[in-house]
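Hi everyone, thanks for making time. Please have a look at the sequence and the structure on the screen, and I'll talk you through it.

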Amino acid sequence: MAAANRFHDAARENGVRKSKSWAGIHKPLHDRWLEISIQQLQRAVAGEDWQHARQFGTRLMIAFPKEPTAIKEVAIARVAEAELLMKSNDHAARVKARELLDEFELRFPGGGGDAIRSLRKQLTDEATRLYERARTQ
């Protein structure tokens with residue numbers, strides 16, 4: 001779907017497709033691509049396939065940077081994975097959680113809402129706790 005969308009857009013921009021009959025193709029093609037992309041992300045999250053969820057989420061952020069539905073779904077996926085990582089006592093898992101949130105917030109500042117703010121607070125509280133523990137030892 002992505003390739004078909006790019007091909008169609010390039011053909012319109014280059015004047016290969018000039019007639020008005022081609023104008024009606026863009027929106028349905030774009031909408032179907034978005035729908036399929038979101039479904040891929042949702043399936044990966046439901047199956048807890050976090051590697052694919054990250055890949056699909058990143059593709060959505062790049063391909064649909066102004067689509068509220070895409071932003072919402074990526075936020076849901078990133079929060080779900082970050083929450084799972086935060087349950088671990090493993091430092092590397094918490095670093096990964098921070099990286100997931102960083103990547104999302106870099107593209108969509110404030111786009112994750114309360115869920116991302118809550119995770120950020122948990123990360124900050126944990127960092128403060130570890131700092132204090134290290135300082136007193």
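Contact here means heavy atoms within 4.5 Å. When I say helix, I mean a DSSP run of H or I with at least four residues, numbered from the N terminus.

Before going on, this is a predicted model, where local features need pLDDT of at least 70, side-chain atom pairs count only at pLDDT 80 or more, and totals for chains, interfaces and linings use all residues. Residues are numbered from 1 along each chain as its sequence is written, and side-chain values use heavy atoms, with hydrogens and water left out.

So how confident is the predictor? pLDDT is its confidence in each residue, from 0 to 100. The protein chain averages 86, and 85% of the residues score at least 70. Confidence is lowest in helix α1, residues 2–13, with a mean of 67, and highest in helix α3, residues 50–63, at 94. Where pLDDT is low, the predicted coordinates should not be read in detail.

Back to our two helices. α3 and α5, which covers residues 91–107, pack at an angle of about 15°, and their axes are 10 Å apart. That makes α3 roughly parallel to α5. The axes are lines fitted to C-alpha atoms, for helices over the stretch in contact, and the angles run from 0 to 180 degrees between N-to-C directions. Under 35 degrees counts as roughly parallel, over 145 as roughly antiparallel, 65 to 115 as roughly perpendicular, and the rest as oblique.

α5 also packs against helix α4, residues 68–86, at an angle of about 165°, with the axes 8 Å apart. Those two are therefore roughly antiparallel to each other. On the α4 side, the residues that meet α5 include I71, V74 and L85; on the α5 side, they include R94, L100 and F104.

(Buried means under 20% relative accessible area, exposed over 50%, and partly exposed in between, with a 1.4 Å probe and protein chains only.) Not counting residues up to four places away in sequence, R94 touches L85, M86, S88, N89, L123 and E126.

Over in α3 sits F56, which counts as buried at 15% relative accessibility. Leaving aside neighbours within four places in sequence, F56 is in contact with Q40, L41 and A44.

What about aromatic pairs? A search of the whole structure finds 2. F104 and F108 form one that is tilted, at 5.3 Å centre to centre and 50° between the planes. Rings of Phe, Tyr and Trp (its six-membered ring) pair if their centres lie within 6.5 Å; planes under 30 degrees apart count as stacked, over 60 as edge-to-face and the rest as tilted. F104 is buried at a relative accessible area of 0%, and F108 counts as buried too, at 8%.

Last stop: E48, in the loop between α2 (23–46) and α3. E48 has a positive phi of about 50° although it is not a glycine. At 55% relative accessibility, E48 counts as exposed.

Technical notes. pLDDT = per-residue confidence, 0-100.
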